Amino acid sequence: MKKILGLLILISTLTMKAQENGENKLGSWQMYFGTNKISNKLSIHTEAQLRYYEQAENFNQLLLRTGLNYHIDANAWATFGYGYIVTDGSFEEFPDEINSIEHRIFERFFLKNKVWEFNFEHRYTLEQRFLDFGDRNDVQHRMRYRLQMTLPLTNTFFLNFYDEIFINLQDDIFGQNRLYAALGINVTNNLSVQMGYLKNHFSGADYDRLQIGVTYNPDLRGVLKKK
């Protein structure tokens, strides 16, 4: 009886914890990405994301990111950028709650290669994170590595997969891991849409997210030359 009682208490505790942090909810991310060419070697990265604990409700995070890309060649480029992130870290709604604000500096390096029909992209990231929690400030540093694989099905449809690991450079080394799979549609030569599923794993929690991502990459070189 003691063992059964202990097991019931453990299950109840885990269930309550999942309800408190939204772990048992299917959330959603709506995302926009853009790479805007301004010269043969330079382009501007633009990005906006809205993240929710539930389907398009119960706000979790707003992420705005921009950067300058330097294209070494068609298969390698580097980015220096800035991100502004507002985060509600609690699933439950509290009156007079203060969201955390993050100013983020990041450096990235991309490498692309092709194996048979599979297109691979390696993304290496360093981040300097300046966090304001309302009652205290903190500075954190982090490394990230993402391996992405894209498989064209036709000229219109493609599959996209990636796995990205986050490594903290202070405190606990493991930050999180993101595993992603999606179906993509090439609407035009520079516009695509992806609909997919993300498993976001932390040390003490797992979150499931449906994602809709729009990528629009207009070439601005002609517009700038006319001006």
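Which residue lies over the face of Phe133?

Reply: Arg136 does: it lies over the face of Phe133, at 4.2 Å from the ring centre. Keep in mind that we're looking at a predicted model. There's another case of this kind, with Arg51 over the face of Trp29, 3.8 Å from the ring centre.

Now for strand 8, which covers residues 157–168. In a regular strand, side chains alternate between the two faces of the sheet. You can follow that here: Phe158, Asn160, Tyr162, Glu164, Phe166 and Asn168 make up the covered face, while Phe157, Leu159, Phe161, Asp163, Ile165 and Ile167 make up the uncovered one.

Strand 8 has partners in strand 7 and strand 9. Strand 7, residues 137–152, pairs with it in the antiparallel sense over 11 bridges, and the two form a hairpin with 4 residues between them. Strand 9, residues 174–186, also runs antiparallel to strand 8, joined to it by 11 bridges. That hairpin has 5 residues between the strands, and Asp171 takes a positive phi near 55 degrees there.

Tyr162 is a handy landmark. Gln148 stands opposite Tyr162, and so does Tyr180 in strand 9.

In one of them, Tyr124 and Tyr145 sit 5.1 Å apart, centre to centre, with 40 degrees between the planes, which makes the pair tilted. Tyr124 belongs to strand 6 (residues 118–132) and Tyr145 to strand 7, so this pair links distant parts of the chain, 21 residues apart.

Phe202 and Tyr207 give you an edge-to-face pair, because their planes are at 85 degrees, with the centres 5.9 Å apart. Here Phe202 is partly exposed at 27% relative accessible area, whereas Tyr207 is buried at 14%.

Phe202 also takes us to the second largest pocket, where it is among the residues nearest the centre, along with Thr87, Arg129, Arg142 and Gln176. The space inside comes to about 1100 Å³.

Note on methods. Residues are numbered from 1 along each chain as its sequence is written. This is a predicted model: local features need pLDDT of at least 70, side-chain atom pairs count only at pLDDT 80 or more; totals for chains, interfaces and linings use all residues. Side-chain values use heavy atoms; hydrogens and water are left out. On a 1 Å grid over the protein atoms alone, a cavity is a set of points where a 1.4 Å probe fits but cannot get out, and a pocket is an open set with protein on both sides within 12 Å along at least five of seven lines; lining residues have an atom within 4 Å of a point. Grid points are joined across faces, edges and corners, and a volume is the space filled by probe spheres set on the points. Buried means under 20% relative accessible area, exposed over 50%, partly exposed in between (1.4 Å probe, protein chains only). Two strands pair if DSSP finds at least two bridges between them. Rings of Phe, Tyr and Trp (its six-membered ring) pair if their centres lie within 6.5 Å; planes under 30 degrees apart count as stacked, over 60 as edge-to-face and the rest as tilted. A charge sits over a ring if NZ of Lys or CZ of Arg is within 6 Å of the ring centre and within 35 degrees of the ring normal.
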